[in-house]
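Visitor: I am new to this structure. Could you take me on a close look at the ligand and the residues around it?

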Amino acid sequence: MDTQVGIVGAGPAGLLLGHLLARAGIDAVVLEARSRDYVEQRVRAGVLEQGTVDVLTETGVGERLHREGMVHHGLELRFGGVGHRIALSELADGRAITVYGQQEVVKDLIAARLDAGLPIVFESEATTVDVERGVIRFGDDELRCEVIAGCDGFHGVSRAAVPEDALDVYEREYPFAWLGILARAAPSSEELIYTHHDRGFALHSMRSPEITRLYLQVPPDERIEAWPDERIWEELQTRMATADGGFALNEGEIFEKGITPMRSFVAEPMRHGRLFLAGDAAHIVPATGAKGLNLAVADVRVLARGLRDLFERGDEARLDAYSERCLRRVWRVQHFSWWMTQMLHRMTGDPFEAKLQRSQLEYVVRSEAAAKTLAENYVGLELEDV
Ligand SMILES: Cc1cc2nc3c(=O)[nH]c(=O)nc-3n(C[C@H](O)[C@H](O)[C@H](O)COP(=O)(O)OP(=O)(O)OC[C@H]3O[C@@H](n4cnc5c(N)ncnc54)[C@H](O)[C@@H]3O)c2cc1C
């Protein structure tokens, strides 16, 4: 098989890149290790920045998102048993977030691509990426491409194809993970609740008026078997309780459970020859800022624009600037995600650190300037013109 752009991975990054390239008349093949069913059911992120919603809308894949997504204009920070609303939209020039599951974005992008008769080769794991020759091997086949887009997530093969001495890696592992569940229970609040508690962080989110998404901070090496449903509910009830007893957390059948490590990671540069890394293949953020999916969208938007110049006019200037442009946003988002994480979790247990955390939280809810900083980063800084 030959194509202009070989895309490894049908996550949000690979699928959106394929979609943007198709609109520009650029030929691409998407290779995906897993089945269509698997990637469409994989539960991960669910908070879309304003800019992500705009990109999906402007490129014709926002119809169901606007019908089913839940637009939020604020969120709650809860600590010391008291909730404080951060009025995101008021503080961030009317911008908002939309709660819509990542797997729904993935379903919409897969449907758009397959409806247009364009290829996604499922159950085809790329085994090697030959950057020099522009060849991706999968099974007994190979895909020859002018450009390779490594959109295969953190554990993919693309980043590993870059020689070690050509890549700088910056990394931080956090001393905790998130246990996430989906439950058949109506959300207990209309907005997300980020809770800081002496026993650890908890987050109340949702996927629909009938489905709640909840998270608990747990030790990094925690096993899911250690958390039967009753223990999860008990811990959530404890961490999320308000001092006035007025908060009632709705419970329901838990039908999805998983543990996600918390990590910050950046590999620079995001280009090596004809290989371009995008999304989690190049960087990971701890989920507290709800940014991983949004950052993947920002990357591929810049990449698609550069590839258009290359294939339409043979102009590589934008592609040459790809890594630098993306990394500016990546590091801003890294900082925000780290900042939210260290402000909201139980860190080392050091009492001095706990006092600083509490002071930071009080400042954010009391100072409009501090709340604005949180709000404008949370709804997402404006995407740059490309
Ligand atoms: C387990 C997990 C839970 C998460 N939970 C949250 C959350 O709760 N909130 C939040 O904000 N963010 C969360 N994130 C982050 C967010 O989901 C990611 O940032 C987002 O998925 C990035 O999209 P991507 O397309 O870059 O990578 P991915 O979504 O990882 O997509 C990569 C794709 O490449 C495929 N692939 C991998 N290797 C190969 C190969 N060799 N050949 C072919 N295909 C390959 C994979 O199967 C996958 O479909 C989570 C991430 C993970 C991994």
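Guide: Happy to! This is a predicted model, in which local features need pLDDT of at least 70 and side-chain atom pairs count only at pLDDT 80 or more, while totals for chains, interfaces and linings use all residues. Residues are numbered from 1 along each chain as its sequence is written, and side-chain values use heavy atoms, with hydrogens and water left out.

A cavity here is a set of points, on a 1 Å grid over the protein atoms alone, where a 1.4 Å probe fits but cannot get out; lining residues have an atom within 4 Å of a point. A volume is the space filled by probe spheres set on the points, which are joined across faces, edges and corners. The second largest cavity, of about 50 Å³, has Pro12, Arg42, Arg44 and Gln102 among its lining residues.

Those names return at the ligand. It is surrounded by 31 residues, and the closest are Glu32, Arg42, Gln102, Tyr215 and Asp280; to count, a residue needs a heavy atom within 4 Å. Polar contacts (pairs of N or O atoms within 3.5 Å) come next. An N or O atom in the side chain of Gln102 is 2.7 Å from an oxygen atom of the ligand. For Arg44, a polar side-chain atom lies 2.9 Å from a ligand oxygen, and a polar backbone atom of Pro12 is 3.2 Å from an oxygen atom of the ligand.

Terms used: On a 1 Å grid over the protein atoms alone, a cavity is a set of points where a 1.4 Å probe fits but cannot get out, and a pocket is an open set with protein on both sides within 12 Å along at least five of seven lines; lining residues have an atom within 4 Å of a point. A polar contact is a pair of N or O atoms within 3.5 Å; within protein, one must be able to donate a hydrogen and the other to accept it, and residues adjacent in sequence count only if both atoms are side-chain atoms.
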